[in-house]
Amino acid sequence: MSVFTAAVAGKGGVGKTTFSALAVRHLHDSSKEVVLAVDADPNANLHAKLDAPLGRTIGDLREELLANVDELPAGVSKQEHVEYQIRLALTEGGGFDLLTMGRQEGAGCYCYINNILRTFIDSLSEKYAYIVMDNEAGMEHLSRRTTRSSDTLFIVSDTSKAALESASRIADLARDMDLSTYRTVLVQNLMRPDEEVAQFRSFSGFDAVYGVRRSALIQESSRSTESLMDVPATDPAFADIAKAIDEERRTTAGR
Ligand SMILES: Nc1ncnc2c1ncn2[C@@H]1O[C@H](COP(=O)(O)OP(=O)(O)O)[C@@H](O)[C@H]1O
Ligand SMILES: [Mg+2]
C-alpha cells in the first residue's frame, strides 16, 4: 500500500530526527493517514520529538525471544507470537505509529529471529501509506534493513564543509549498496534566512537539493522540551520540510 517512504540519514547532530518528526507530522496533517515512524537509531529519540513514550523496542523484543527461544510455540503459532509481540511494541501517537528498533544485536545467533522480525516488519510496513525512517548517524550504519526500497533518501547536512562532505559520502555509499531508493536528495539544514539554496545546486550526486531554515522556535524550545508536536505550520523549518516532502512525494508518484 505504501505511497511514499522516506528514509533520513546524515551525520550526528545535523537535524535528522527533527526532519523526521516534522515529516511525520506533515504527512499526517496533509493526508490524515496514520504514518509509520521508524526510529532506527540505537540512540533513540524520535519518540521524544513526537512526544510519545519510549515503548518496548525491537532490540528488547529480540533479546526476549532469544532468551526464550526454546519455550516458543512451534510452527505457525510461533510466527503469530512474534507478530503479536511486534504489535505490542508499536507505540500509537497522534497521527502515527512508532516502531523503535533500539539496540543492535549482541553476540548471540540472531539470524533466525532477525528473519522472523524482518518478515513481520516488512508486512507491517505494507499496511501504511506513509513511512518515515530516522536512521543512525554515520554512513557505516546505513542499514539495508531500514533504508531499502525507500522512495526518497533524504541526506541531512548543515552548512559546514565536513557535514556536506559526509552527506556526499553517504550518497556514494547508498549508491554502492544498491538500496533501491528511487531518489537521493540533499537537505541542507540550519540555513540563514538570507541564504540561497540555489548556490548548492552545484552539488553532484543528488537528485535534488532542499534548504531548511534555522528555526528560532525549535532552537529555543529544545532547551526545555524535545517535543515538536506544537511547532506551528508557519515555522520556517517546518514549512521548508513540508515543501521538500511534498515535492518528493509528487516526483516519486510520477515515476
Ligand atoms: N532547522 C532547525 N532549526 C533550529 N534548530 C534545529 C533545526 N534542526 C535541528 N535543530 C536542532 O539541532 C539539534 C540536533 O538536531 P537533531 O534532529 O536531534 O539531529 P540528529 O538527529 O541528526 O542528531 C537539536 O537541538 C535540534 O533542536
Ligand atoms: Mg537523531
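A salt bridge is a side-chain nitrogen of Lys or Arg within 4 Å of a carboxyl oxygen of Asp or Glu. Arg175 and Asp172 form one through their side chains, at 3.0 Å from N to O. The structure holds 11 salt bridges.

This is a predicted model, in which local features need pLDDT of at least 70, side-chain atom pairs count only at pLDDT 80 or more, and totals for chains, interfaces and linings use all residues. Residues are numbered from 1 along each chain as its sequence is written, chains are lettered from A and ligands numbered from 1 in the order in which they are written, and side-chain values use heavy atoms, with hydrogens and water left out.

**Overall**
- The protein has 9 helices and 8 strands (DSSP runs numbered from the N terminus: helices H or I of at least four residues, strands E of at least two).
- Of the 255 residues in the protein, 52% are buried (under 20% relative accessible area; exposed is over 50%, partly exposed in between; 1.4 Å probe, protein chains only).

**Salt bridges within helices**
- Arg175 and Asp172 are 3 residues apart in helix H7 (residues 161–177), about one helical turn.
- Arg175 is partly exposed at 46%, and Asp172 is partly exposed at 39% relative accessibility.
- Asp246 and Arg249 meet at 2.7 Å, N to O, and lie 3 residues apart in helix H9 (residues 236–253).
- Asp246 is partly exposed at 23% relative accessibility, whereas Arg249 is buried at 17%.
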